[in-house]
Amino acid sequence: MSTTHQTDKSKVQHTLATQCATAVSTITLYPLDVVKMRFMSQDGTAVRHHNAHYYRSILSAFRLIATQEGRVAPFFRGCHVAVSGSVCAWGIFMYIYRWECALYTAYTERRAARGASASSTNLVDFATLGDLLQRFGFSSIASCTSALLCNPIWLIKTRMQLEEASCRRYLAAHEGEAGAAAAPRPVRHFATFRGGLMHSVREGGLRSLWRGVSAQMLLGVPMSFHFPLYDTIKCSVLRLSHRESLNSIEVAVCSFITRVLLLLISHPIMVLKTRLQDHRARLGEVQYKSFAQAAVTVWRNGGVRDFYRGLVPSLAQSVPRSVLMFVLYEQFLKVIKQF
């Protein structure tokens, strides 16, 4: 088998394993993702209240959504879009990332005149700081490319999560069934992906689909350390233990450490991205028009605390999802390599 064919096969294997893992992990923890996005979108103004409230805790948010919008459906609104977006984004990222790593490996091998194939290099060889920084560069390129191509998907997904389904349950509870029946049904522009896409284009043009892309790409900088840092921690453990693979518990610990560190760094950018992509971004007394203006607005209105609005639900969703994704990634990779 030629070196090129082996390298291509390796990239495809990693890509498929990542896509399968991210699809399962996204669906499993999606209700928490909905709550997390609603937390981050709130800035204290009435126009950005959800269910007529400013969320104070995860449990109260779940209770309000279930009472006023439905017990199951609202927690999975946009889930299919999130899964599609995750599969596309991670697929693009992983294929480009592994392709760049393979090119770098082939280059270093030729330079060292070792004569080994690019795909046969042991992962333990990449446990040094220099290789971590090299892979960070590769990951940054892959992340920015993925963010640029997939931003329209994330925009509609965010708006589907933030748009409330209905307030009729709330009216029924407080004004009686007659009042609820007489109340006009709220107009929903993001009930479906296609409907949300068409509405966004009509309101702001094709360019509006890339609203918040600067934040999305900037978010890729700290998140670019995700796989390289995970690979480095994993390689260090393998080198110290003189083994070729980790068990599920060790994978979970490596991914847990990686995700917590990166989330603390990237959360303020996630808050800005969410508010820029919110369909109410330019409504009310407080508006979010650009990344720089949004950053200044958040700082003036809430300071550091507002930049970390929704950190608890973000940790509750992102960290378990990351751990689950990496565990599944390693398991899917083992299965796929058998074919």
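The legends below describe a predicted model in several close-up views.

Residues are numbered from 1 along each chain as its sequence is written. Because the model is predicted, local features need pLDDT of at least 70 and side-chain atom pairs count only at pLDDT 80 or more, while totals for chains, interfaces and linings use all residues; side-chain values use heavy atoms, with hydrogens and water left out.

Figure 1. Helices (H or I, at least four residues) and strands (E, at least two) are DSSP runs, numbered from the N terminus. Along the sequence the pattern reads α-α-α-α-α-α-α-α-α-α-α-α. The chain has 339 residues, of which 52% count as buried; buried means under 20% relative accessible area, exposed over 50%, and partly exposed in between (1.4 Å probe, protein chains only). The accessible surface is about 16000 Å², and 64% of that surface belongs to carbon and sulfur atoms. Accessible areas come from the Shrake-Rupley method with a 1.4 Å probe, and for residues only the protein chains shown count as cover. Among contacts with a separation of 6 or more, 78% are between residues 24 or more positions apart, where contact means heavy atoms within 4.5 Å.

**Figure 2. Asp 43 sits in the loop between helix 2 (30-41) and helix 3 (58-69).** Is Asp 43 buried or exposed? Asp 43 counts as buried because its relative accessibility is 14%. The side chain of Asp 43 makes a polar contact of 2.6 Å with the side chain of Thr 45, and another, of 2.7 Å, with the side chain of Tyr 288. A polar contact is a pair of N or O atoms within 3.5 Å; within protein, one must be able to donate a hydrogen and the other to accept it, and residues adjacent in sequence count only if both atoms are side-chain atoms. Leaving aside neighbours within four places in sequence, the contacts of Asp 43 are Arg 48, Tyr 54, Arg 275, Val 286 and Tyr 288.

**Figure 3. Asn 51 and Ala 52 have positive phi values in the loop between helix 2 and helix 3.** Most residues other than glycine have a negative phi. Asn 51, which is not a glycine, has a phi of about 55°. For Ala 52, also not a glycine, phi is about 65°. Asn 51 is buried, with a relative accessible area of 1%, whereas Ala 52 counts as exposed at 52% relative accessibility.

**Figure 4. One cavity of 30 Å³ or more lies in the structure.** Rolling a probe the size of a water molecule over the atoms shows where empty space is left. The largest cavity has a volume of about 800 Å³. Which residues are closest to the centre of the largest cavity? Of the 31 lining residues, these are Trp 90, Trp 154, Gln 216, Leu 219 and Arg 321. Two or more lining residues come from each of helix 2, helix 4 (79-112), helix 5 (129-162), helix 8 (213-223), helix 10 (248-277) and helix 12 (311-336). Helix 5 gives the most, with six residues. The lining of the largest cavity divides into 13 nonpolar, twelve polar and six charged residues. Ala, Val, Leu, Ile, Met, Phe, Trp, Tyr, Cys and Pro count as nonpolar, Asp, Glu, Lys and Arg as charged, and the others, Gly among them, as polar. On a 1 Å grid over the protein atoms alone, a cavity is a set of points where a 1.4 Å probe fits but cannot get out, and a pocket is an open set with protein on both sides within 12 Å along at least five of seven lines; lining residues have an atom within 4 Å of a point. Grid points are joined across faces, edges and corners, and a volume is the space filled by probe spheres set on the points.

**Figure 5. The second largest pocket holds about 640 Å³ of space.** Its lining has 29 residues, and those nearest the centre are Arg 159, Asp 278, His 279, Arg 280 and Ala 281. Helix 5 and helix 7 (193-204) each supply at least two residues of this lining. Helix 7 gives the most, with four residues. The lining of the second largest pocket divides into nine nonpolar, ten polar and ten charged residues.

**Figure 6. Phe 136 lies in helix 5.** The C-alpha atoms of Phe 136 and Ser 224 are 5.9 Å apart, although the two are 88 residues apart in sequence. Not counting residues up to four places away in sequence, Phe 136 touches Val 221, Ser 224, Phe 225 and Pro 228.
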